[in-house]
Amino acid sequence: MTSLKGSDISTLPLLRRTQIFLTLSTWIAGLVLVSLWWILDLALLPRPIAFASLAFKLALLALPLRIPPPEFVKKFLRFSMVAADSYFPVNVVCEGKQEDYSGNGPFVIGYEPHSVLPQGISVFSQYGSQAAIPQGLSDTRILVSSAGFWAPIMRHLWWWLGCRPVGRASFQHQLRQGRSVAVCPGGVMECIYMEQEQGREVAYLRKRHGFVRMALQAGAPLVPVFAFGQSDLYSYCRLVFDWPKNRLLVPRAHWARFVRRIGYMPMLVWGWCGSFMPKQVAMTVVIGKPIPVPKIEHPTPEQVSEYLQRFISEMERLFSEHKEAAGHPHATLTVI
C-alpha cells in the first residue's frame with residue numbers, strides 16, 4: 001500500500017486553506033458555471049449582449065487544444081494534486097508488484113465508480129503522485145465525456161491535465177501510440193443509476209463492451225480500479241430523477257435517452273457547507289492486478305463478453321476484499 005497522507009487543513013495558514021478551497025472547487029464550479037453561462041445566453045436571446053457572449057464563447061472553443069499550457073497553469077495543475085493529497089487524503093493501494101504493470105503495456109484501466117465526478121482518476125495523470133502509481137500506469141490518458149469539451153476554458157484545463165474525449169478513434173489512437181488509457185466504463189449511465197444512500201455503490205458494466213473490445217484489439221491488459229469514498233465527496237439533486245417527483249412532467253425513460261445523447265446528467269451539486277468544495281472524505285483508490293488479454297483484431301461478441309465478465313468478477317472481488325480496510329465494511333456494490 002502506498003499512502004498519500006493528508007492533514008487537518010484547519011491547522012494550515014489561512015492563505016493555504018484559501019488556495020486549497022479555490023483549487024478543489026474549480027473542477028465542479030467551472031462545469032456548473034459554464035453550463036449556467038450557456039443557459040443565460042440562450043435565455044437572453046435575441047438581445048445583443050447574448051450574441052456578443054455567444055461569439056466570445058465560440059472564439060474560446062475555436063482555440064486549439066494542443067497549444068502548450070502557460071507556466072501558471074502547470075503550477076495550478078500540480079498544486080491541485082497536492083491540494084487533494086493534503087485535503088482528503090488519498091490512499092493508493094496496489095495489489096500487484098511494479099513488474100506486473102511494466103513491459104506489458106499499454107493498459108486499459110477501468111475505473112469505478114463514476115459518481116458525481118470521478119475525481120480519484122486524476123491520480124493516473126501526469127500531475128499525479130508518481131511515487132504512488134506503478135510506473136507503467138503513470139502519465140496515462142484519461143478518457144472523459146466529450147460534453148466536457150464544450151465548456152470554454154475548462155476544456156483546456158481537462159486537456160492539459162491529460163484528458164481526451166472518449167470515443168473509438170481517440171481510444172484506438174492512444175493505444176496505438178503505446179499509451180495507457182483510463183476510462184470510467186459506466187459513464188453517464190452511472191449518474192442515472194447511482195444511489196444517494198451512503199454505502200450503496202453502483203457500477204454500470206454489463207452492457208459496456210466497447211472498452212473490452214478495444215483492449216482485445218490492442219492486446220492491452222485490463223486493470224480494474226475502484227475508488228472507495230469518492231461517492232461521498234458531493235451531494236446532488238438530479239433534474240427529473242430526484243426533482244421534480246412528478247413523473248408525468250417528463251417521463252424518466254425519455255429523460256434518460258436525452259442524458260445519454262448529450263453525455264451529461266443535469267444536476268445540482270454541492271459539497272462542504274453547500275459550496276463547490278468537495279467534502280473532506282478519505283479516498284482509497286485500489287488498483288487491481290492486470291487481467292491479461294490476447295490480441296485479437298476482430299474479436300467475436302462471445303470473446304468480448306468473456307473478458308467483460310472476467311473484468312466484472314475481478315471488480316467485485318476487489319471491492320469485497322478491500323472495502324473493510326478502506327473504512328467501508330458495510331458498503332455494497334451492485335453491478336448493472
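**Close-up views of a predicted model**

**View 1. Thr140 in the loop between E3 and E4.** Thr140 sits in the loop between strands E3 and E4. Strands (E, at least two residues) and helices (H or I, at least four) are DSSP runs, numbered from the N terminus. The model is predicted: local features need pLDDT of at least 70, side-chain atom pairs count only at pLDDT 80 or more, and totals for chains, interfaces and linings use all residues. Residues are numbered from 1 along each chain as its sequence is written, and side-chain values use heavy atoms, with hydrogens and water left out. Thr140 has a relative accessible area of 1%, so this residue is buried. Buried means under 20% relative accessible area, exposed over 50%, and partly exposed in between (1.4 Å probe, protein chains only). Not counting residues up to four places away in sequence, Thr140 touches Ile109, Phe124, Ser125, Gly162, Ser180, Val181 and Ala182. Contact means heavy atoms within 4.5 Å. Asp232 is 92 residues from Thr140 along the chain, and their C-alpha atoms are separated by 25 Å.

**View 2. Gly128 and its contacts.** Gly128 is found in the loop between E3 and E4. Its relative accessibility is 11%, so Gly128 counts as buried. With residues up to four places away in sequence not counted, Gly128 touches Met81, Ser122 and Val123. Ala84 is 44 residues from Gly128 in sequence; C-alpha to C-alpha, the two are 10.0 Å apart in space.

**View 3. Ser115 and its polar contact with Gln230.** Ser115 is placed in the loop between strand E3 (108-112) and strand E4 (141-144). Ser115 counts as buried because its relative accessibility is 6%. The side chains of Ser115 and Gln230 are joined by a polar contact of 2.9 Å. A polar contact is a pair of N or O atoms within 3.5 Å; within protein, one must be able to donate a hydrogen and the other to accept it, and residues adjacent in sequence count only if both atoms are side-chain atoms. Neighbours within four places in sequence aside, Ser115 is in contact with Glu190, Cys191, Met194, Gln230 and Ser231.

**View 4. The second largest pocket.** This pocket holds about 280 Å³ of space. Its lining counts 20 residues; Glu195, Gln196, Ser231, Asp232 and Tyr236 lie nearest the centre. Strand E7 (200-203) and strand E9 (235-238) are the elements that give two or more residues to the lining. E7 supplies the largest share, 3 residues. On a 1 Å grid over the protein atoms alone, a pocket is an open set of points where a 1.4 Å probe fits, with protein on both sides within 12 Å along at least five of seven lines; lining residues have an atom within 4 Å of a point. The volume is the space filled by probe spheres set on the points.

**View 5. His322 in helix H9.** His322 belongs to helix H9 (residues 301-322). At 16% relative accessibility, His322 counts as buried. Leaving aside neighbours within four places in sequence, His322 is in contact with Val93, Glu95, Phe228 and Val286.

View 6. The whole structure, when searched, shows 0 disulfides. A disulfide is a pair of cysteine sulfur atoms within 2.5 Å. For Cys163, the nearest cysteine sulfur is that of Cys184, 12 Å away. Cys163 is buried, at 2% relative accessible area. For Cys237, the nearest cysteine sulfur is that of Cys191, 14 Å away. Cys237 counts as partly exposed, at 21% relative accessibility.
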